[in-house]
Amino acid sequence: MTTTVDASEIAKFEAMAAEWWDPTGKFKPLHMMNPVRLDYITTQIAGEFDRQLGTDQPFKGLRILDIGCGGGLLCEPMARLGAEIVGVDAAARNIPVAETHAAQSGLQIDYRHTTAEAMAADGEQFDVVLNMEVVEHVADPLAYLNACRQLLKPGGLHLCSTINRNPKSFAMAIVGAEYVMRWLPKGTHEWSKFITPDELYDLMRKAGLDPVDRKGYVFNPITWKWSISDRDLSVNYVTAALKPA
């Protein structure tokens with residue numbers, strides 16, 4: 001079976017696995033961004049599946065897949081909202097970290113060391129696929145998005161975030177985050193692998209998905225907080241797409 005896993009990319013995250021739940025460690029940017037990521041994710045899921053956020057377990061009955069789950073920063077909130085959540089990661093060392101933290105939190109989460117392609121080949125399907133900050137790390141984005149589409153039930157929702165490719169993203173995501181702030185180890189990202197919003201929309205359409213929304217994640221260095229923007233997709237951004245019913 002073919003795979004889009006890039007071994008050198010996996011090795012980077014293997015080396016950082018133990019730090020997933022340290023809000024001041026190597027994954028500090030994700031911890032800082034997580035509230036706005038969750039706001040977008042939960043709002044899109046609630047809107048698409050007619051669920052009421054704020055009620056008890058609003059995502060009960062929904063099967064959600066988180067690809068590149070890392071230590072479980074998104075899986076745990078999804079489980080608390082009532083979803084049947086499966087978290088997969090190609091970096092083997094992430095899985096026991098995620099499993100241990102879920103057990104400590106009293107949550108039932110199905111974590112697996114596998115790939116999107118392997119799950120698609122097994123015929124697994126989900127109401128929602130979360131694809132957060134993964135597509136810029138794979139060897140073949142189109143083949144990877146094809147696997148994501150196969151993993152969705154008809155009418156399913158695909159949420160995908162990544163980093164734009166332009167001089168500003170180089171300055172902020174690489175120079176700023178890796179060299180100046182030292183939020184991430186040097187070499188975590190390759191600017192040439194970043195994907196513009198129009199390129200991602202084109203790739204998703206080629207993969208058989210129907211893009212329906214995109215927003216920017218914007219970091220304010222004065223307030224030291226992230227926010228969601230309708231217009232500013234210049235660095236980090238997120239998209240929503242549907243699999244035709």
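Q: What should I know before I start?
A: Residues are numbered from 1 along each chain as its sequence is written. In this predicted model, local features need pLDDT of at least 70 and side-chain atom pairs count only at pLDDT 80 or more, while totals for chains, interfaces and linings use all residues; side-chain values use heavy atoms, with hydrogens and water left out.

Q: How many helices and strands are there in the chain?
A: Helices (H or I, at least four residues) and strands (E, at least two) are DSSP runs, numbered from the N terminus. Here the chain has eight helices and eight strands.

Q: What share of the residues is buried?
A: Buried means under 20% relative accessible area, exposed means over 50%, and partly exposed is in between (1.4 Å probe, protein chains only). Of the 245 residues in this chain, 56% are buried.

Q: Which residues have the most contacts inside the largest nonpolar core?
A: A nonpolar core is a set of buried Ala, Val, Leu, Ile, Met, Phe, Trp, Tyr and Cys residues joined through side-chain atoms within 4.5 Å. The largest one here has 35 residues, and Ile45, Ile64, Met78 and Leu159 have the most contacts inside it. Helix α2 (28-49) is among the elements that give two or more residues to this core, and α2 gives the most, with eight residues. Another core, of 29 residues, lies apart from it; Ala116, Val134, Cys148 and Ile195 are among its members.

Q: Which residues is Ile64 in contact with?
A: Contact means heavy atoms within 4.5 Å. If we leave aside neighbours within four places in sequence, the partners of Ile64 include Ile45, Phe59, Met78, Val86 and Phe126.

Q: How do helices α6 and α8 cross?
A: Axes are lines fitted to C-alpha atoms, for helices over the stretch in contact, and angles run from 0 to 180 degrees between N-to-C directions. The axes of α6 (residues 141-150) and α8 (residues 197-206) come within 9 Å and cross at roughly 55 degrees. That makes α6 oblique to α8; angles under 35 degrees count as roughly parallel, over 145 as roughly antiparallel, 65 to 115 as roughly perpendicular and the rest as oblique.

Q: Which residues of α6 and α8 meet?
A: From α6, Pro141, Leu142 and Leu145 meet Leu200, Leu203, Met204 and Lys206 of α8.

Q: Is Thr239 buried or exposed?
A: Thr239, in strand β8, counts as buried because its relative accessibility is 0%.

Q: Where is Asp210 found?
A: Asp210 sits in strand β6 and is partly exposed, with a relative accessible area of 41%.

Q: What is the phi of Asp50 and of Trp224?
A: Most residues other than glycine have a negative phi. Asp50 has a positive phi of about 55 degrees although it is not a glycine, and Trp224 has a positive phi of about 60 degrees. Asp50 lies in the loop between α2 and β1 and counts as exposed, at 65% relative accessibility. Trp224 lies in the loop between β6 and β7 and counts as partly exposed, at 36%.
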